[in-house]
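The sequence and the structure come first.

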Amino acid sequence: MQISPKKPGDFGDSSTLTIVSSEEKNALKPATLALFIQCASFLLAMLASWSIHQLYLLPVNLFVFVLVQGSLALLISSAFGLAIWWCIIQFVFPFAALFMHGLQLPAGIYLAGFLLTLSLFWTTFRTQVPFYPSRLGAWQQIFKLLPQGRHIRMVDIGSGLGDLVMYMARAKPGSYFLGVEIAPLPWLISVVRKFFKKSNADFKLSDYHTLNFADFDVVFAYLSPAAMQALWEKAALEMSTGSLLISYEFEIPGKTPARVIRKDKNSPAIYVWQF
């Protein structure tokens, strides 16, 4: 395990570093912008196909049409500064749609898939935090960071299927562990699993912004880079002296953590800030 110690003066700096990404410069959220770009690329590909047919009387192969649409979507997305993974999705999407069309599946399957996806990711559009499950190795490292010798109150904001919260509740009985999840299906699965496992963990269907971080000794987050600045602003305003903010994998721009822990060089880092 590698631990980077806190340097004197690193924590508690009141200065604010403002970092504006290329996505933040756009007025639209990335998902909305990606949708508009994909629609525009489809219309441009249609226009190109019509022009070729009118000028040269040549039919346009469907695969070529999809290739043109995907390429246009990739180029426009890159020009608008979308992240590289958005650009890849934009290019692949028309091919995926063509593939699914070729399967000739019943409409009900698409509806079921849509509803399942909606129940898992319906808030991703607003929060920009997709479903990220953590693993046992991370839970064990995080447990070692918890205050010892007393009962604590800990919240996992974005608790997913509830694994980390139930692990902590089992490993540290007598303490209070709360999982907050905004997507209904993962929350429901957590509640059902809690019942069958007879766990004393608690789960709440809610946005973490409704919580008061002053009520907790430890706040754990496995969110996304887009959500970290807002998390820090809430934590800095509400968390009590001596409490811990722990983030798995994602840093907070401009805020040096008290500790950075890695199990090995290939594992995601665990960032710890102490108030």
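Contact here means heavy atoms within 4.5 Å. With that cut-off, the cover of the buried residues of α8 includes α7, β2, β3 (176–181), α9 (184–197), β4 (202–205) and β5. The model is a predicted one.

**Overall make-up**

The protein chain comes to 10 helices and 8 strands. It has 275 residues, of which 36% count as buried. Of the contacts between residues at least 6 apart in sequence, 67% join residues at least 24 apart.

**Helix pairs**

Two packed helices are described by the angle between their axes and the distance between the axes. Two pairs are set out below.

| Pair | Axes come within | Crossing angle |
|---|---|---|
| α3 (residues 62–79) and α4 (residues 84–103) | 7 Å | roughly 160 degrees |
| α2 (residues 30–56) and α3 | 8 Å | roughly 135 degrees |

How are α3 and α4 oriented to each other, roughly parallel or roughly antiparallel? Angles over 145 degrees count as roughly antiparallel. The axes of α3 and α4 cross at roughly 160 degrees, which makes α3 roughly antiparallel to α4. The crossing of α3 past α4 is right-handed. On the α3 side, the contact is made by L62, F63, V66, L67, Q69, G70, S71, A73, L74, S77 and S78, and on the α4 side by C87, Q90, F91, P94, F95 and L98. Sorted by class, this contact has 11 nonpolar and 6 polar residues, and no charged ones.

The other pair joins α2 to α3, with axes that cross at roughly 135 degrees. That angle makes α2 oblique to α3. The crossing of α2 past α3 is right-handed. From α2, the contact takes in I37, Q38, S41, F42, L44, A45, M46 and S49; from α3, it takes in F65, V68, Q69, L72, A73, I76 and S77. The class count for α2 with α3 is 10 nonpolar, 5 polar and no charged residues.

**Buried faces of helices**

Which residues of α7 (residues 136–145) are buried? They are A138, W139, Q141, I142 and L145. These residues cover an arc of only 165 degrees around the axis, which puts them on the same side of α7. An α-helix has 3.6 residues a turn, so residues three or four places apart point the same way. The cover of the buried residues of α7 includes the helix α8 (163–171) and the strands β2 (153–157), β5 (218–221), β6 (244–248), β7 (259–262) and β8 (270–274).

In α8, the buried residues are L164, V165, M166, Y167, M168 and A169. Among the elements that cover them are α7 and α9, together with strands such as β3 and β4.

Helix α10 (residues 228–238) has M228, L231, W232, K234 and A235 buried. Their arc around the axis is only 170 degrees, so they lie on the same side of α10. The buried residues of α10 pack against β2, β5, β6 and β8. L237 is also found in α10, but L237 is exposed, with a relative accessible area of 72%. The C-alpha atom of L237 is separated by 8.7 Å from that of F213, 24 residues apart along the chain.

K197 lies in helix α9. At 48% relative accessibility, K197 counts as partly exposed. Between the C-alpha atoms of K197 and M166, which are 31 residues apart along the chain, the separation is 8.8 Å. M166 is one of the buried residues of α8.

K198 is in the loop between α9 and β4. Although K198 is not a glycine, it has a positive phi of about 55 degrees. Is K198 buried or exposed? Its relative accessibility is 74%, so K198 counts as exposed.

Where is Q104 placed? Q104 sits in the loop between α4 and α5 (107–121). Q104 is not a glycine either, and its phi is positive at about 55 degrees. With 60% relative accessibility, Q104 counts as exposed.

Conventions
Residues numbered from 1 in each chain as written. Predicted model: local features only at pLDDT ≥ 70, side-chain atom pairs only at ≥ 80, totals over all residues. Heavy atoms only, no water. Axes fitted to C-alpha atoms, helices over the stretch in contact; angles between N-to-C directions. Helix = DSSP H or I, 4+ residues; strand = E, 2+ residues; numbered from the N terminus. Parallel < 35°, antiparallel > 145°, perpendicular 65-115°, else oblique. Left-handed = near helix turned anticlockwise from the far one by under 90°. Nonpolar A, V, L, I, M, F, W, Y, C, P; charged D, E, K, R; others polar. Buried < 20%, exposed > 50% of the residue type's maximum accessible area, 1.4 Å probe, protein only. Arc of directions from axis to C-beta.
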